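Please keep the sequence and the 3D view at hand while reading.

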Amino acid sequence: MTHLDGIVKAKTRRAKRFLQSREPKLTESLKNCMIIKGGNTSETLSQSLKDVYALKKPNAVLYKKKNMVRPFEDSTALEFFSKKSDCSLFLFGSHNKKRPNNLIFGRMFDFHVLDMFELGVEQCVSLKALKKDTCPVGTKPLLVFAGELFDTDREHQRLRSVLTDFFCGPRVSAVRLAGLEHVLHFTALEGRIYMRSYRVLLKKSGCRTPRVELEDMGPSFDFTMRRSHMASDDLYRTAHRKPKGVKPKKKKNISHDAFGTRFGRLHMQKQNLDKLQTRKMKGLRKRKRRGEPAESVVPPKTAKTDV
């Protein structure tokens, strides 16, 4: 590839395919996540990063080497890694005396930091500690958010949006009942955020609908909210803007009621029912009534001719 006046041109077919895969699309592909270690990490933090990576596989990249990065002071390194690995989500872990066991969840827009939230790990139960069966790799989880703060507080609302982007998995049009195997539950209560991971078990119930049970499979975290960086309202609206090609076209004369029933309106020309051709039957013929005078028949006029 060659650089000419800021424009990257491909020399080979492989490089051309690579550049085409990085071009903007009307329907973007699945968001990838990069998981990065800071300059100093603890054993609890390292295991937490590995557990989150296990939940995100195969749409995640785990950086095993330590990186001296401070996202809230300078995010240039994160933006470089994002462009290099084509990841729009990131999880950064660091540990120090002032902020021990620190996890930063964030997302990018146009390879620049959009939102990021710093959460402190107060308590952690890893996948190895529970030693239970887990869901298959790539399973789409069911996300549940409980607590008034996720609906009332602006900071928690934006955090819910970031966590939804981070854990939602692939976009699908429909999900079968047997496909609901994994549940991620987030609870905001008394200044803390509790994250729990459950495996869905469908058992016999004696009827058509199975009996649902939840089994704790890990990992589970108790977070405390620390620092946050949120995008401005204008930048946030720009990041959520949809292109014209994606927006569904409004169909004329079609409406829906409260129950989702679709109604259509047809426009027809005015019909003259007097000229409507019907089946000729004897019973439909007009008959003369008794006492009514006979209708006079006027002979048709003939054209005059000069002799």
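R158 and D115 are both buried (buried means under 20% relative accessible area, exposed over 50%, partly exposed in between, with a 1.4 Å probe and protein chains only). The model is predicted, so local features need pLDDT of at least 70 and side-chain atom pairs count only at pLDDT 80 or more, while totals for chains, interfaces and linings use all residues. Residues are numbered from 1 along each chain as its sequence is written, and side-chain values use heavy atoms, with hydrogens and water left out.

**Salt bridges**

Side chains of opposite charge can pair when their charged atoms come close. A salt bridge is defined here as a side-chain nitrogen of Lys or Arg within 4 Å of a carboxyl oxygen of Asp or Glu. The count by this rule is 14 salt bridges. Three of these pairs are listed below, with helices (H or I, at least four residues) and strands (E, at least two) taken as DSSP runs numbered from the N terminus.

| Pair | N to O distance |
|---|---|
| K31 and D165 | 3.2 Å |
| R158 and D115 | 3.2 Å |
| R227 and E118 | 2.9 Å |

What does the pair of R227 and E118 tie together? R227 lies in strand β12 (residues 220-229) and E118 in strand β7, so the pair connects parts that are 109 residues apart in sequence. R227 is partly exposed at 25% relative accessibility, whereas E118 is buried at 0%. Salt bridges with shared partners join K31, R107, D115, R158 and D165 into one network.

**Helix α6**

Helix α6 (residues 154-167) contains 14 residues and spans 20 Å from its first C-alpha to its last. This is close to the 20 Å expected at 1.5 Å a residue, where the expected span is 1.5 Å times one less than the number of residues. The buried residues of α6 include H156, L159, V162 and F166. An α-helix has 3.6 residues a turn, so residues three or four places apart point the same way. Just after α6, G169 has a positive phi of about 80 degrees.

**Backbone geometry**

Most residues other than glycine have a negative phi, and most peptide bonds are trans. F111, which is not a glycine, has a positive phi of about 60 degrees; F111 lies in the loop between β6 and β7 and is partly exposed at 28% relative accessibility. E190 also has a positive phi, near 55 degrees. E190 belongs to the loop between β9 (182-189) and β10 (192-203) and is exposed, with a relative accessible area of 73%.

Which residues does a cis peptide bond with omega of about 5 degrees join? They are K57 and P58, and P58 is in the loop between α2 (43-56) and β4 (60-66). A cis peptide bond with omega of about -5 degrees joins G218 and P219, and P219 is in the loop between β11 and β12.

**Surface patch**

A nonpolar surface patch of about 690 Å² includes L142, V172, L202 and L214 among its residues. Patches consist of residues with over 30% relative accessible area and no salt bridge, with like charges joined within 9 Å and nonpolar side chains (Val, Leu, Ile, Met, Phe, Trp, Tyr) within 5 Å. Accessible areas come from the Shrake-Rupley method with a 1.4 Å probe, and for residues only the protein chains shown count as cover. L214 is placed in strand β11 (residues 211-216) and counts as exposed at 51% relative accessibility.
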